[in-house]
Amino acid sequence: MGKTVTIVRNVMEANERRAAKLKDYFAEKHVLCLNLMSSPGAGKTTLLERTLADLAGEFKMAVIEGDLQTDNDARRVAATGAQAVQVNTEGGCHLDGSMIQDAIEELDMDGVDILFIENVGNLVCPAEFNLGEDHKITILSVAEGDDKPEKYPLMFHLSSVMLLNKTDLLPYVDFNVDTASAHARKLNKDIEIFPVAARKADGLAAWYDWLRKARAAKLAAK
Amino acid sequence: MHELSLIESMLSIIREERDKHHMKRIERVRVVNGALSGAVTDALAFGWECLTQEGDLKGVKLDIVDAPLQVVCGSCGKPFTPEDAHYMPCPACGEILGHDIKSGRELYIDEIEADIDDEPTVAEDAPTIGE
């Protein structure tokens, strides 16, 4: 009775199409787009506040803030003078391509050098959804434990950079930087690892140098 | 964790294919889920059950085929199937880093089993009269 029709269509195809469009858009505009991901509370917003303030004279930067609720984070980063737009996912565990398309409509992207997307705090789902970004960046705070790259591998596998944040807490927590780094490199041998304490503005120079290099590479791709 | 939104994407693909192939009643849908897709088979099955309780796709069966992980060694180039998705020593040279993942990330709708109208009753481009 029933006939079988072969389909073979990727369940994520709608998002992949949007991500490809966004990637083209960022290429055309020469915007370096970075997707910042971490658990809730790892320090994404504090790192952004520092970065936006410290590099304000060097780059024009904009931020898309993803959270389930509230515009607290958009207010925090906007206080540095950068353009910011808040996306509330209303319970959704990740940002997807259509949310980024909508958010970009609200930003003035002319002359923007770097667009930061602060994803929903979640060490799992955001890694599955491409947003057309040039790089994924994972922030892991030392209070979370050095076994997290091993337990939540995909995000570390796909990221160009792992920032180990809150290193000022190292004397108080059982976190071995070498262990965490080894786990991350086992998944992704090219991952760049920068230990920082964003709240204390410590170790940020290496991160800023990486940003300058990534921005230069994006411009060179013109 | 986001399996419900994956099911929603699947349902919209299924509706598109249903219209394209003039399917009447859909019996079952087969999905291939790779070991590294990030979607948990049990959660997909549960999400499917929730979202097909009512509506135009009520009662359609979902078969989920788990697809194994296949990689090519980053050092010696030997293809192999790791036993563990996270620790993957190459059986030939022992390398654990830098393998190229050939399959295991996929999540796709493979096929749909349905009653199909071979000759659609009303062609979409049929001329309309009296308008």
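This is a predicted model: local features need pLDDT of at least 70, side-chain atom pairs count only at pLDDT 80 or more; totals for chains, interfaces and linings use all residues.

Student: Which residue in strand 8 of chain A does Leu163(A) stand opposite?

Tutor: In general, the strands of a sheet pair through backbone hydrogen bonds, either parallel or antiparallel. Here Leu163(A) stands opposite Phe194(A) in strand 8 of chain A. Strand 7 of chain A, residues 161-165, runs parallel to strand 8 of chain A, and four bridges join the two.

Student: In what order do the strands of the open sheet in chain A lie?

Tutor: The order is 4-3-5-2-6-7-8, which describes an open sheet of seven strands with parallel pairing. Strand 4 and strand 8 (192-195) of chain A are the edge strands, since each pairs on one side only. On average, neighbouring strands of this sheet are turned by 20 degrees against each other, direction ignored.

Student: At what angle do helix 1 and helix 4 of chain A pack?

Tutor: A packed pair of helices is described by an angle and by the separation of the axes. Helix 1 (residues 13-29) and helix 4 of chain A pack at an angle of about 35 degrees, and their axes are 8 Å apart. From helix 1 of chain A come Asn15(A), Arg18(A), Ala19(A) and Leu22(A), which meet Gly97(A), Ser98(A), Ile100(A) and Gln101(A) in helix 4 of chain A. By class, this contact has three nonpolar, four polar and one charged residues.

Student: How many residues of chain A are in contact with chain B?

Tutor: An interface may be read by its residues and by the elements that supply them. Here 23 residues of chain A are in contact with 24 residues of chain B. On the side of chain A that touches chain B, strand 1 (3-10) and helix 6 (153-158) of chain A each supply at least two residues. Strand 1 of chain A gives the most, with eight residues. By class, that side has 12 nonpolar, five polar and six charged residues.

Student: Do the strands joined across the two chains run parallel or antiparallel?

Tutor: Strand 1 of chain A and strand 6 (residues 107-116) of chain B run antiparallel, joined by six bridges. Within strand 6 of chain B, Ile109(B) is the bridge partner of Arg9(A).

Student: What pattern does chain B follow along the sequence?

Tutor: Chain B follows α-β-α-β-β-β-β-β, with two helices and six strands. Of its 131 residues, 24% count as buried.

Student: Which residues are buried in helix 2 of chain B, and why do they line one face?

Tutor: In helix 2 (residues 41-51) of chain B, the buried residues are Leu44(B), Gly47(B) and Trp48(B). Seen down the helix axis, they fall within an arc of 100 degrees, so they line one face of helix 2 of chain B. Helix 1 (3-20), strand 1 (23-34) and strand 2 (61-67) of chain B are among what covers them. The face turned away from the buried side carries the exposed residues Asp42(B), Glu49(B) and Cys50(B).

Terms used
Residues are numbered from 1 along each chain as its sequence is written. Chains are lettered from A and ligands numbered from 1 in the order in which they are written. Two strands pair if DSSP finds at least two bridges between them. Axes are lines fitted to C-alpha atoms, for helices over the stretch in contact, and angles run from 0 to 180 degrees between N-to-C directions. Two residues are in contact if their C-beta atoms, placed from the backbone, lie within 7 Å. Ala, Val, Leu, Ile, Met, Phe, Trp, Tyr, Cys and Pro count as nonpolar, Asp, Glu, Lys and Arg as charged, and the others, Gly among them, as polar. A residue is buried if 20 or more other C-beta atoms lie within 10 Å of its own, exposed if 12 or fewer, and partly exposed in between; C-beta atoms are placed from the backbone. The arc is that of the directions from the helix axis to the C-beta atoms.
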